[in-house]
Amino acid sequence: VGGSGLKVSPVAFGFEGLADCSSSAVFEMLDVYHEQVQGFFYCFNENVKIMAPIFAEWIEDRKIKRENIVISAVILSDLSYGPNAAGLSRSNIRSRISELTALFRTEYIDIIQMEYYDQGTDLKETLGSLNDLVRAGTVRYISAGHFAGWQVQKVVDYADFNGWEKPVAIHAKYSLFERHIELELFSVCRNEGLGLIAILASDTRNESVTKVITDVANKRQISKMAVQMAWVMQQIGITSVLINPTNVSELKELNVGCKVQLSSD
């Protein structure tokens, strides 16, 4: 990932679409993913309190070694805990890390993500707190999501100036329908040696793009979802693609996209 020594699968398994699934259904999807792709797991929204324990049970049941998987999670805000349980303050960062390690039943989180740039907290407090957690071994690496290019650059420069840990990757929505990160974020990641984890985004409102995808899918006899997956994976600079399947069939369709080679046309 980026300039770090961390290795991840080309496809990351996300839990966002599984809130209404039974434990057995989640187990089945995790089995299919782990068998075909390996182990990069990403839990980034409020359903972490539901999904993390199920995931932990799956790891224990399948006797998977902790060092053979990568767990990525997000520092979330939850004001139900009180006024300091928001943003990227030292208090919220430490509270959320303690919560996440307990939920995942693990001693450390491989990649912890700053979900948004927090204008209300001094960057020194945020990065200093994250650096302390990396030094303590509770967190292995730092990443960022939903950051503008200039915000990523500011974080990297500030971390470098202080000799602190800087993000190894940026998470951002990316697809044939949503390509705004090509304007600035791509170049920042490339220049600073950061990985780019693409969150597969789909939007059928663009009729011309939808038609092209449909034509390619029909020609290749694969799903439109597989076409989108294949296109994102072939873009230069993409470290991994985050998928959020809602069932096994969808997961298998996305896995087909991993093996498809599209032409430059």
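Me: At His146, is the side chain's residue buried, partly exposed or exposed, and how should I read that class?

Reply: The class follows from relative accessible area, where buried means under 20% and exposed means over 50%. In this predicted model, His146 has a relative accessibility of 39% and therefore counts as partly exposed. His146 lies in the loop between β5 (139-145) and α5, and His146 has a positive phi, about 60 degrees, although His146 is not a glycine.

Me: Which value does phi take at Arg105, and where in the chain is Arg105 placed?

Reply: Phi of Arg105 is near 55 degrees, which is a positive value in a residue other than glycine. Arg105 sits in the loop between α3 and β4 (109-114), and because its relative accessibility is 44%, Arg105 counts as partly exposed.

Me: Turning to helices, how should I read a packed pair, and what are the values for α1 and α9?

Reply: Two packed helices are described by two quantities, the angle between their axes and the distance between those axes. For helix α1 (residues 23-36) and helix α9 (residues 248-259), the packing angle is about 15 degrees and the axes are 9 Å apart. Since angles under 35 degrees count as roughly parallel, α1 is roughly parallel to α9. The crossing in which α1 passes α9 is right-handed.

Me: Which residues make the contact between α1 and α9, and how do they divide by class?

Reply: On the α1 side the contact is made by Glu28, Met29, Val32, Tyr33 and Gln36, and on the α9 side by Val248, Leu251, Lys252 and Asn255. By class, the residues of this contact of α1 with α9 divide into five nonpolar, two polar and two charged.

Me: At what angle do α3 and α4 pack, and which residues meet there?

Reply: Helix α3 (residues 90-104) packs against α4 at an angle of about 30 degrees, with the axes 9 Å apart, and that angle makes α3 roughly parallel to α4. The crossing of α3 past α4 is right-handed. From α3, Arg90, Ile93, Arg94 and Ile97 take part, and they meet Glu125, Thr126, Ser129, Leu130, Asp132 and Leu133 in α4. Sorted by class, this contact of α3 with α4 has four nonpolar, two polar and four charged residues.

Me: How do the axes of α4 and α5 cross?

Reply: The axes of helix α4 (residues 123-136) and helix α5 (residues 149-162) come within 11 Å and cross at roughly 65 degrees, which makes α4 roughly perpendicular to α5. This crossing of α4 and α5 is right-handed. Leu123, Lys124 and Leu127 of α4 make the contact with Lys154, Val155, Tyr158 and Ala159 of α5. In terms of class, the contact of α4 with α5 has five nonpolar, no polar and two charged residues.

Me: How many residues does the largest nonpolar core have, and which of them have the most contacts inside it?

Reply: A nonpolar core is a set of buried nonpolar residues joined through side-chain atoms within 4.5 Å. The largest one here has 91 residues, and those with the most contacts inside it are Phe13, Phe15, Phe41, Phe55, Phe104, Ile112 and Met114. The helix that gives the most to this core is α2 (residues 48-61), with seven residues.

Me: Where is Phe41 placed, and which residues is it in contact with?

Reply: Phe41 belongs to strand β2 (residues 40-43), and because its relative accessibility is 1%, Phe41 counts as buried. Leaving aside neighbours within four places in sequence, Phe41 is in contact with Phe13, Phe15, Leu30, Tyr33, Phe55, Trp58, Ile69, Val70, Ile71 and Ser72. Phe41 and Val8 are 33 residues apart in sequence, and their C-alpha atoms are 9.5 Å apart in space. With sequence neighbours again left aside within four places, the contacts of Phe15 include Phe41, Leu30, Phe55, Met51 and Asn244.

Me: Is Leu100 buried or exposed, and which residues is it in contact with?

Reply: Leu100 is found in helix α3, and Leu100 is buried, with a relative accessible area of 3%. Apart from neighbours within four places in sequence, Leu100 is in contact with Val48, Ala73, Val74, Ile109 and Ile112. Leu100 and Met51 are 49 residues apart along the chain, and their C-alpha atoms are separated by 11 Å.

Key
Residues numbered from 1 in each chain as written. Predicted model: local features only at pLDDT ≥ 70, side-chain atom pairs only at ≥ 80, totals over all residues. Heavy atoms only, no water. Axes fitted to C-alpha atoms, helices over the stretch in contact; angles between N-to-C directions. Helix = DSSP H or I, 4+ residues; strand = E, 2+ residues; numbered from the N terminus. Parallel < 35°, antiparallel > 145°, perpendicular 65-115°, else oblique. Left-handed = near helix turned anticlockwise from the far one by under 90°. Contact = heavy atoms within 4.5 Å. Nonpolar A, V, L, I, M, F, W, Y, C, P; charged D, E, K, R; others polar. Buried < 20%, exposed > 50% of the residue type's maximum accessible area, 1.4 Å probe, protein only.
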